[in-house]
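Q: I have just opened this one and would like someone to walk me through it. Can we take it piece by piece?

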Amino acid sequence: INAEYMGDLAVLDIDVIVLPENTDLTVTTPAPIQYVNGTAIVFRSRRKPMIGFVDVVVTAGQRGEVALTEVNLAKDSVPEDAGYAQDTEWLQARVDEAIANDVLLGYAQHTFVGQVNGEPTHSPCRYTECPMGNLWTDAVHWAVPDADVVLINGGSFRSQWLPGPITLGGTYSVMPFTNTLCTVYTHGIDLYAILNYSVSRGAQSETFEDFTGPFGQFSGVQVEFNPKLGVSRLIKVRIRDKTSKEFQPIARAKGYKIVTNTFLCGGGDGYQFVPAPKTSKQAHSLEMHSLMYSYMNAQTLR
């Protein structure tokens with residue numbers, strides 16, 4: 001919300017709007033509560049230990065006093081809810097039961113992570129090729145072998161696997177999103193644009209604040225790019241030929257089959273897939289975690 005919409009508040013008859021601190025409003029430095037065209041604007045704290053309570057007095061259908069109370073959960077004494085301990089105990093029992101019955105998929109001999117400043121982390125998936133990205137994109141390619149390119153955004157990966165047992169629950173810790181697969185048929189010129197967008201949205205440095213989710217993890221394609229360039233970083237693209245198994249330069253007019261997830265297919269992380277004429281995006285029923293379960297079982301039994 002910004003000043004462009006301030007004049008509409010009176011017309012919309014909105015009583016209270018709660019916004020984060022530092023919201024883009026062309027008013028004076030935000031006080032905890034301001035009134036704009038009859039609407040109370042409450043600015044809540046962005047500090048994580050803080051929780052806010054907004055009390056609104058309504059008399060005869062009319063809004064009266066508005067008050068904001070913020071509690072620092074790390075410092076202030078907060079009375080425990082009467083049923084909180086009982087509910088927590090019940091939930092913990094369910095969690096313990098789920099962990100005890102988690103399905104074992106296999107064992108990791110290596111660390112499926114990258115490193116930043118010597119510490120293991122999943123974050124490199126957001127700006128460079130990473131082992132976890134290779135594993136998941138290869139699993140998708142195994143499930144859809146006629147795909148030309150598999151693309152998963154680096155922001156999908158939120159954890160890592162250390163050496164030891166890998167469970168089905170562990171796949172959810174790595175990728176806590178219940179996406180299914182999605183196929184897009186497109187031409188080489190549009191595929192090049194998609195790949196360029198993917199590598200051009202990666203971080204240029206290895207500080208966490210610079211990480212961006214769109215950076216792609218791939219299977220079936222080799223890309224060369226210069227992270228020091230600006231909007232367009234892509235230099236070379238080679239696609240693995242299904243017959244010869246050799247990587248060949250991308251052909252602008254050739255049709256390609258991209259397999260990705262439904263998040264990206266729907267425009268997530270800013271991706272814009274342009275289907276080739278007379279084709280469309282096709283959603284699969286195959287869910288990512290079930291796919292990984294099948295893939296790892298197949299590798300274990302082979």
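Q: What is the order of the strands in the open sheet of 3 strands?
A: In this predicted model, the order is β13-β14-β15, and the pairing is antiparallel.

Q: And which strands stand at the edges?
A: Those are β13 and β15, the latter covering residues 247–249, and each has a single partner strand, so one side of each is left without a neighbour in the sheet.

Q: What does the twist average from one strand to the next?
A: The twist averages 30 degrees from one strand to the next.

Q: Over how many bridges do β14 and β15 pair?
A: They pair over 3 bridges, in the antiparallel sense, and Arg238 has Pro249 of β15 as its bridge partner.

Q: Which helix packs on the sheet?
A: That is α6, which touches both β13 and β14, and the direction of α6 makes about 120 degrees with that of β14.

Q: Which residues of α6 are buried?
A: The buried ones are Gly188, Leu191, Ile194, Leu195, Asn196, Ser198, Val199 and Ser200. What covers these residues includes β13 (221–225) and β14 (234–240), and also β9 (149–153), β11 (180–187), β12 (216–219) and β16 (255–261).

Q: Switching topic: is strand β3 largely enclosed or left open, and why?
A: Strand β3, made of residues 39–44, is largely enclosed by the rest of the structure, because 5 of its 6 residues are buried.

Q: How does β2 pair with β3?
A: Strand β2, residues 33–36, pairs with β3 in the antiparallel sense over 4 bridges, and Val36 stands opposite Thr39 in β3.

Q: What about the hairpin of those two, how many residues lie between the strands?
A: There are 2 residues between β2 and β3 in the hairpin, where Asn37 takes a positive phi near 50 degrees.

Q: One last thing: where is Thr171 found, and is Thr171 buried or exposed?
A: Thr171 is found in helix α5, which spans residues 168–174. Its relative accessible area is 0%, and because buried means under 20%, Thr171 counts as buried.

Q: Which residues is Thr171 in contact with, leaving aside its neighbours within four places in sequence?
A: With those neighbours set aside, Thr171 is in contact with Leu105, Trp136, Trp161, His289 and Met292.

Note on methods:
Residues numbered from 1 in each chain as written. Predicted model: local features only at pLDDT ≥ 70, side-chain atom pairs only at ≥ 80, totals over all residues. Heavy atoms only, no water. Buried < 20%, exposed > 50% of the residue type's maximum accessible area, 1.4 Å probe, protein only. Contact = heavy atoms within 4.5 Å. Pairing = 2+ DSSP bridges. Axes fitted to C-alpha atoms, helices over the stretch in contact; angles between N-to-C directions.
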